[in-house]
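I opened a notebook page for this chain.

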Amino acid sequence: MTAAKMEDVISSIESLSVLELSELVKKLEDKFGVSAAAPMMVAGAGAGAAAAVVEEKTSVTVFLKSTGDNKIGVIKEIRAITSLGLKEAKDLVDTAPKPIKDNVPVKEAEAMKKSLEAAGAQVELK
């Protein structure tokens, strides 16, 4: 197909209404035994696979949901994890729910969660 013919076809398609374009697609599907929806399904599957890759995070935020009954133990553990001073760690615990540390590697975050939960806190990794 020459460039001039292709431009004529494109120009003709551009002038169609949405209803006319829909009818054209149906006729082309019937004529050639194809489905215009098939490529979209493939794209949808690719998007789902991409979403699965996004879910595999390399870093997370350690989020303190609550301190539980052992507030002093949780403050000590937060000080050890974050190197905050006593007042800052106490303020963080008193204002829970609150993020403790951002962009923490997953394995390190899981270790933090385990130690904070051992101290009595409720922790979530986001």
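How many bridges join S1 to S3, and do they run parallel or antiparallel? I counted 4 bridges joining S1 to S3, and the two run antiparallel. Helices (H or I, at least four residues) and strands (E, at least two) are DSSP runs, numbered from the N terminus. Two strands pair if DSSP finds at least two bridges between them.

Before going on, I noted that this is a predicted model: local features need pLDDT of at least 70, side-chain atom pairs count only at pLDDT 80 or more, and totals for chains, interfaces and linings use all residues. Residues are numbered from 1 along each chain as its sequence is written, and side-chain values use heavy atoms, with hydrogens and water left out.

Entry: the sheet. I found 3 strands in an open, antiparallel sheet, in the order S2-S1-S3. Strand S2 (98-105) and strand S3 (122-125) are at the edges with a single partner strand each, so one side of each has no neighbour in the sheet.

Entry: the pairs. S1 (residues 59-66) pairs with S2 over 5 bridges, in the antiparallel sense. Phe63 has Glu124 in S3 as its bridge partner.

Entry: the core. A nonpolar core is a set of buried (under 20% relative accessible area, 1.4 Å probe, protein chains only) Ala, Val, Leu, Ile, Met, Phe, Trp, Tyr and Cys residues joined through side-chain atoms within 4.5 Å. The largest has 18 residues, and those touching the most other members include Val62 and Leu64. H4 (71-82) is among the elements giving two or more residues, and H4 gives the most, 4 residues.

Technical notes. Buried < 20%, exposed > 50% of the residue type's maximum accessible area, 1.4 Å probe, protein only.
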